Number of protein chains: 4
Amino acid sequence: MAFHSGRHFLQIPGPTNVPDRVLRAIDRPTIDHRGPEFPVLAREILAGLRRIFRTAGPVIIFPASGTGAWEAALTNALSPGDRILMSEKRNFSSLWKAMADRLGLSVEVIPGDWRHGADPAEIEARLASDSQHQIRAMAVVHNETSTGVTTRVSEVRAAIDRARHPALLLVDTISSLACVDYRHDDWRVDVTIAGSQKGLMLPPGLSFNAVSARALEAAKTARLARSYWDWQAMLQANESGYFPYTPATNLLYGLREALLLLEEEGLDKVFARHARHAEATRRAVRAWGLELNPLDQREHSNSLTAVRMPDGYDADRLRAVILERFDLSLGQGLGKQKGQLFRIGHLGHFNDLMLCGTLAGVEMGLRSAGVPHRPAGLAAATDYLASTG
Amino acid sequence: MAFHSGRHFLQIPGPTNVPDRVLRAIDRPTIDHRGPEFPVLAREILAGLRRIFRTAGPVIIFPASGTGAWEAALTNALSPGDRILMSEKRNFSSLWKAMADRLGLSVEVIPGDWRHGADPAEIEARLASDSQHQIRAMAVVHNETSTGVTTRVSEVRAAIDRARHPALLLVDTISSLACVDYRHDDWRVDVTIAGSQKGLMLPPGLSFNAVSARALEAAKTARLARSYWDWQAMLQANESGYFPYTPATNLLYGLREALLLLEEEGLDKVFARHARHAEATRRAVRAWGLELNPLDQREHSNSLTAVRMPDGYDADRLRAVILERFDLSLGQGLGKQKGQLFRIGHLGHFNDLMLCGTLAGVEMGLRSAGVPHRPAGLAAATDYLASTG
Amino acid sequence: MAFHSGRHFLQIPGPTNVPDRVLRAIDRPTIDHRGPEFPVLAREILAGLRRIFRTAGPVIIFPASGTGAWEAALTNALSPGDRILMSEKRNFSSLWKAMADRLGLSVEVIPGDWRHGADPAEIEARLASDSQHQIRAMAVVHNETSTGVTTRVSEVRAAIDRARHPALLLVDTISSLACVDYRHDDWRVDVTIAGSQKGLMLPPGLSFNAVSARALEAAKTARLARSYWDWQAMLQANESGYFPYTPATNLLYGLREALLLLEEEGLDKVFARHARHAEATRRAVRAWGLELNPLDQREHSNSLTAVRMPDGYDADRLRAVILERFDLSLGQGLGKQKGQLFRIGHLGHFNDLMLCGTLAGVEMGLRSAGVPHRPAGLAAATDYLASTG
Amino acid sequence: MAFHSGRHFLQIPGPTNVPDRVLRAIDRPTIDHRGPEFPVLAREILAGLRRIFRTAGPVIIFPASGTGAWEAALTNALSPGDRILMSEKRNFSSLWKAMADRLGLSVEVIPGDWRHGADPAEIEARLASDSQHQIRAMAVVHNETSTGVTTRVSEVRAAIDRARHPALLLVDTISSLACVDYRHDDWRVDVTIAGSQKGLMLPPGLSFNAVSARALEAAKTARLARSYWDWQAMLQANESGYFPYTPATNLLYGLREALLLLEEEGLDKVFARHARHAEATRRAVRAWGLELNPLDQREHSNSLTAVRMPDGYDADRLRAVILERFDLSLGQGLGKQKGQLFRIGHLGHFNDLMLCGTLAGVEMGLRSAGVPHRPAGLAAATDYLASTG
């Protein structure tokens, strides 16, 4: 690989740039996870996480990738053959469906495209028609990392309520938590799924379930086999500040530091920052004359921006040029959108000038790769950034 | 907590002391796990792991604790209701049994005490009596972390062979890998389970399955539900140097460095070092007039030493005194041995003087806590260390 | 201070951004500077430094700031009352003059402005007129960090030669070494002064003298008092890989890593990178309609760009706005240029997108601070960067 | 070099083991030393240092080794030809004398051996005889790092007072500060010299002068040439929280953390800890049947213990054996004591078990190297440690 001077720009939609303070916190001798020092750490983290998920209930930490937290949500809340409703609209939703299939659930998909979020009206209609309440759970992805589309979770909640349906609401916030306003308790979400490597600014390796009282109740009778992912064993051990098996102690050090960073900035300011950077990025994309992937104005992601390529141009070739020439990593189109779009992550530990460097890299890359565009995106973004914030 | 000057002595039997080089390797910006740089890292690690497990076959890395690797072994190799044979002799074996129960397997336990390893003769007898070959798998723990007893895996292998039984052989090497000689291929083990935080000298957060061709074959028809732990998806992605879901990149950096350290020292020297430190520790224990937990000379662990308390003395009180006064963490007795024994870890990143400091802490602690002993253990250990190695 | 998310842009002309690899190398246990491991480190560094200074002679390392290396150059080469010729043109030159005065030297200044480098013709004339050879040394600053002006050292050398004058040539390369082509031996420089925190990409705390045979000879009879800075004691100890007093071991670890980084990139590529970034920056400045401080085309610095403010606008207010709003540190005007100019550092561990972020910060800052300009600088820079390199 | 597993034991009398917290603090991006964030750091450190030196006056920080702080003391306080009184008793005192000679001072030495500290009675006698007050300064080393002898500075102060002599009192506390009780103000010391790499637990690269009002007054007329070391320029810049030239910012981060550690432990407890470890070490030495270098009971160092070899045995060979076999670095005999003694550092970031490991290494090394001794030292030390503290 060619030598690259200076800092790499890691602007995929996660893993995100890990702050030095977090890396340095991880870089500390491991302690005895059964000793008296450990519960001090654990309790501070468990309390801090509640503030981030905006819940008074428990948050469970798994030493696992985000995918593991999905599996935990399903295996704790459901039984073999249970029906679960999902929106087939995007890549990670599809992965979730595949997992549910493998675990022996009966997955029902509301068909759709990859340019819209889950549709509250469709969900309401489907649930209303389920008069027998055979559907046990409704699963949505808050922010689709693969398409840059955000589902309006509070409206999904309202739709379920209007349908007077008892389905559990499971929400994947892997790329929205600590980026976009999210309220586990207010929106009466039953299981919130999250991971460490996006808005929480950690390396990958931790994932989370925030769990409602209803979900805990459901877990008592749910019969999918589970052991590693079992909530009950976790909650019982957490009560005294411990874990039922060896926790990923050093990543927990990092988590403590990341929670401190979020509190120092203030969660509302974190959300405002993500919104402002997302808007600047969208203005850049429009000024380039390129198309944003989301079709509904209300569903633009504030974590990342998915940009569609003009017909006949390959997004992956553009990304390769940009990586080679400007040492900037962008996200690829996934699944059926491979080559059709690229994704700019603007989440996590980020600021105006990192965004300007990123957009400069994209704009210069479009030129280097010969992709038709107007070279006006960076100017549109700086114009917006200079006049706001 | 009281202020402690100097370095903590983390001599539980894992997590172990993480070398500075490994910590510093982890303390590095996360890279794009889908970019071109990643497979270089992945391939180097996957190749290095094979040398540690002494296998030509695949080793699978999970972003999970060691417990997860157990679950992976069971869910990939077995189907609901499958019969699995285990030795009920120790704490971690019990945990494994509990997991198997929860996953819907039919566990058969060879009863025993907690002071012996799995008995090859008993295993042979039981398998020989299973003329229908209803037992699908035999699971043993190579080194019982909770009791300091090592099972002679090569003899278990020979026992299975003599019984001409097709049971899969699953071996937990969580606290023996890279400490005690272990040979996945030579001993025809089907699944080897391991974790990062012991002999591999990493923080917790990664775990492993080394998998035989027979086990892979078995996985094709095994019907326990699995998704996160699925070998097939892993192996397929690993072929091109990638992972099916986000890997714990920073821990992988640490793993690369740890593998380098092991190769620099040389695996045979690593084993000899562990053996020598274990022998020095046993001499100290005997000189103190205390009792070693293992009853069979052939089954002493080289990773840790479990020391039994005189009747009427509480191991946990001793451990508390030692932690408070000498900033030394020792392992507790687990399960039914709680309070009856303490465990000295001498595995991983370790040397003669760290051992001397550790044994000095125990000896002074015995005195401080008023536990009857002869203060001759440290001298016995230094005598041995000075005359060997 | 307000919370700033993301990475700070440290674009003063030094200290520069320290690469993570260098920081992590420093973050390692200190070793015995009198033990057998130390000379391996020292020799590798001393050899590597010679390649950077382009000399076959010795390079001396002081545990000190760059200012200390100036003092070392003067005290080793000169005697009380010795006449030394300098160009009064810039701030750091002035500091050097003040130091020489304090040390009891007789300093003669060639007067001038702060927008030109040292003038080879003037130097030649003055030396030619010194028929008694009363001038013992000629001191120039290769790259004036305070003004962004580069002196053509090879032409100064030629001027001295034409004047057939035996003056020692002392050159300060604090902000040019490892940024701009520099040749200690080819240009027959007698003492080259350098520091760690600019092109060498280290934190401050180390400084250097590269020393010619003539300078060593002069030191034998030079009578300025010296002890800490004494070359002879250093060279004698260095022969066996040691130092006469405790070296700054951890910074030496960092130096080893920084030298590796420079070799991986290749020194010629390092120079080309600095030249390209400097040209892009100058294009931005001109496009903004602002004035560059250097007046001679041949004397533009490749390490930093000094930008003059329009009359009536305060550079320090602009810098404060930029720091507050965009978390970008720029250099201030020093001495009599305070408030009249600001300086953009583009040296050390740096790349295209870091430069784009930096220039975006300046351009948005000019707007925020109400400084008259055309918002076309960033575009001019990206235009140049995209079409080159 | 042979591979060594585990942590190196760095038990030279400095540099000492740097705590992880300090290393990690250093491992942080460098900031603008002229920006608004810097004075916050500087003021916190300058205030903290005053508490360590126990002075209400200024403490000056040099980016330099301890040797530089000596030079600073001499050049600021004295003029060429000034007479300075010193005790020729030990190696570092000799170095100091050599430096004073080189700087053009007139050094008068009170002759003596290397096994006693400076003698207050002799000092009183000599000063009393100097009726003309030609002696400008009296210089002593609080703790002689090369011999393990501590001078009773408060008694030296009383001796000067009794002689009614106006000599400035200069004290080197390089290996005693933050190890042994020291009081700059109470003992009316005029200049205290210190370094970063011993009791302050930092890597080498910073050094210090605590300065009395009398010393500052003397500096106004002192005529030794000085620039880098000039107190006045430092104090003036420090007033606003800045430095006259680039400070070693990253080491200052480490200093802040080290000061925090000392305050967390409490300075009196730090002294008690050093005293207890020193006593344990002396008991070990006596039990081995070896001889301590200091001959006066009141002058044993609490920072290090200098141990004399039996006749005919080479200390450096012993040290080489111990380093090779047990990865333990000990200090060598310096100057005329080379080969005659070795030194055990027990200062800085240290605790009981690190000391036990160290003494075990020495005891086993004595055996390996065939040095006559009774193998009872480690037991004597643990006996003492267990019964105290």
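In this predicted model, helix α8(D) is followed by G241(D), whose phi is positive, near 85 degrees. The helix itself spans residues 231-239 of chain D, and its buried residues are W231(D), M234(D), L235(D), A237(D) and N238(D). Viewed down the axis of α8(D), these buried residues fall within an arc of 165 degrees, so they line one face of the helix. Q236(D) and E239(D), on the other side of α8(D), are exposed. The cover over the buried residues includes the helices α2 (38-53), α3 (66-77) and α7 (213-221) of chain D. Strands β2 (59-62), β9 (191-195) and β10 (207-211) of chain D are also among the covering elements.

Next, backbone geometry. Most residues other than glycine have a negative phi, and most peptide bonds are trans. The table lists exceptions.

| Site | Value | Location |
|---|---|---|
| G14(A) to P15(A), cis | omega near 0 degrees | P15(A): loop between β1 (9-11) and α1 (20-26) of chain A |
| G14(B) to P15(B), cis | omega about -5 degrees | P15(B): loop between β1 (9-11) and α1 (20-26) of chain B |
| R164(D) | phi about 50 degrees | loop between α6 (153-162) and β8 (168-172) of chain D |

A178(C) is buried, with a relative accessible area of 2%. R164(D) counts as exposed, at 72% relative accessibility.

Chains A and B remain. Chain B superposes on chain A by a rotation of 180 degrees with 0.0 Å of shift along the axis, at an RMSD of 0.0 Å. The two copies are thus related as by a two-fold rotation axis. In chain B, the C-alpha nearest that axis belongs to A64(B), 2.4 Å away. Of the interface residues of chain B, 100% are also interface residues in chain A, so the copies meet through the same surface.

Notes. Residues numbered from 1 in each chain as written. Chains lettered and ligands numbered in written order. Predicted model: local features only at pLDDT ≥ 70, side-chain atom pairs only at ≥ 80, totals over all residues. Heavy atoms only, no water. Least-squares fit on C-alpha atoms with pLDDT ≥ 70 in both. Contact = heavy atoms within 4.5 Å. Buried < 20%, exposed > 50% of the residue type's maximum accessible area, 1.4 Å probe, protein only. Helix = DSSP H or I, 4+ residues; strand = E, 2+ residues; numbered from the N terminus. Arc of directions from axis to C-beta.
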